[in-house]
Amino acid sequence: MSAISLQGRSVLALADFSAEEIERILQVAAQMKKIVLSDNKKRDFLKGKSMVTVFSEASTRTRSSFELAGKYLGADVINITKSGSSMTKGESMRDTLLTVSAMGVDAVIIRDSSEGAALFASKVMSPKVKVPVVLNAGDGAHAHPSQALLELFTLKEAGKNIEGMKYVIIGDILHSRVARSDIVGFTKLGAEVHLVGPRTLVPKELEAMGCIVDDDLETALKDADAINILRIQLERAAAGFIPTTREYARLFGINKKRLALCKPDVAVIHPGPMNRGIEIGYDVAYDEKSWIQEEVRNGVAVRMALEYLTLTEGKDIDALN
């Protein structure tokens, strides 16, 4: 596995990576977490490298963790947001990306509401200068590869064997890039992925990706090894996908009673932000089975691994610490 190199690779979707490559990223993330937990987080593995985050959507966890990851590894990191850039003056995303490329950055981390934005970014950079690595931080409802990776990593830390596990994703699957990346990543590593939620929010055609769409919540939760509770996007409630948030909480909200349907050692994750009292009960959010806060910490380690592996030869992993 140590011979696998990702140097120069853009990370657009997990579908582009083999199971072995995904395991390689998780292996390096484990080493990176030792840095995150140490008293000396500042290293020079990416000294001399520069990266820019281009976010046209609001973000707390993803943007901060990518930025911290780069800084912990010694890179120079700058942030561009839609509200604080020339995009408010009518500059197109393409021109923004061309400008960034011309400045000679080594990596562009992009989040955009349009599906395919990361792929677009990887293709429009100027061929006259060095084309930077593109890391997809979420594009519409298409993909969020780093989030799926950190969920895989978190469940491994929780002592779960991904191969053969029953992994249940609950909630707004329709609009979820996390769910789509999870389906790809978890099935590649051998998990049995189940989807459940209101019929209006769980497209049956997703079964073509190798997962199982369950008709009722109790069936899905029975003997689950891990569950991923997705945020119910409150802005969707008025659009006719669900009657009310109260109705959703009654039918699909995860509380202690429903959690008892899972295996006794079930691990609970949530990509955040949480709507406590709607998709997840207060008693579950802070239960000992919850790995939600650990997910946040792991987000930095996983994104450090991605930046390190795509911007260097990725050698001497054991010597990182």
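User: In which sense do β1 and strand β2 pair, and over how many bridges?

Analyst: Start with the ground rules. This is a predicted model, where local features need pLDDT of at least 70, side-chain atom pairs count only at pLDDT 80 or more, and totals for chains, interfaces and linings use all residues. Residues are numbered from 1 along each chain as its sequence is written, and side-chain values use heavy atoms, with hydrogens and water left out.
Strands of a sheet pair through backbone hydrogen bonds, either parallel or antiparallel. Two strands count as paired if DSSP finds at least two bridges between them. Strands (E, at least two residues) and helices (H or I, at least four) are DSSP runs, numbered from the N terminus. Here β1 (residues 50–55) and β2 (residues 76–81) pair in the parallel sense over six bridges. In β2, Val 77 is the bridge partner of Met 51. Helix α2 (residues 61–72) carries the chain from β1 to β2, in a right-handed β-α-β crossover. Right-handed means that, with the strands pointing away from the viewer, the path from the first strand over the helix to the second runs clockwise.

User: How many bridges join β1 to strand β3?

Analyst: Five bridges join β1 to β3 (residues 107–112), and these strands run parallel. Val 54 stands opposite Ile 110 in β3.

User: How many residues of β1 are buried?

Analyst: Buried means under 20% relative accessible area, exposed over 50%, and partly exposed in between (1.4 Å probe, protein chains only). Six of the six residues of β1 are buried, so the strand is largely enclosed by the rest of the structure. Ser 50, Val 52 and Val 54 point one way, while Met 51, Thr 53 and Phe 55 point the other way.

User: What is the strand order in the open sheet of five strands?

Analyst: The order is β7-β6-β5-β8-β9, with parallel pairing. β7 (212–213) and β9 (267–269) stand at the edges with a single partner strand each, so one side of each has no neighbour in the sheet. Three bridges join β8 (residues 226–229) to β9. Ile 227 has Val 268 in β9 as its bridge partner.

User: Which strands does helix α6 lie across?

Analyst: Axes are lines fitted to C-alpha atoms, for helices over the stretch in contact; angles run from 0 to 180 degrees between N-to-C directions. Contact means heavy atoms within 4.5 Å. Helix α6 (residues 177–188) lies across β5 (166–170), β6 (192–196) and β8, running at about 175° to β5.

User: Is Arg 303 buried or exposed?

Analyst: Arg 303 is buried, with a relative accessible area of 2%. Its place is in α12. Leaving aside neighbours within four places in sequence, its contacts include Arg 61, Ser 65, His 144 and Leu 150.

User: How many disulfides are there?

Analyst: A disulfide is a covalent bond between the sulfur atoms of two cysteines. The test is a pair of cysteine sulfur atoms within 2.5 Å. The count comes to zero. The sulfur of Cys 211 is 18 Å from the closest cysteine sulfur, in Cys 262, too far for a bond. Cys 211 is buried, with a relative accessible area of 6%. Cys 262 is buried, with a relative accessible area of 6%.
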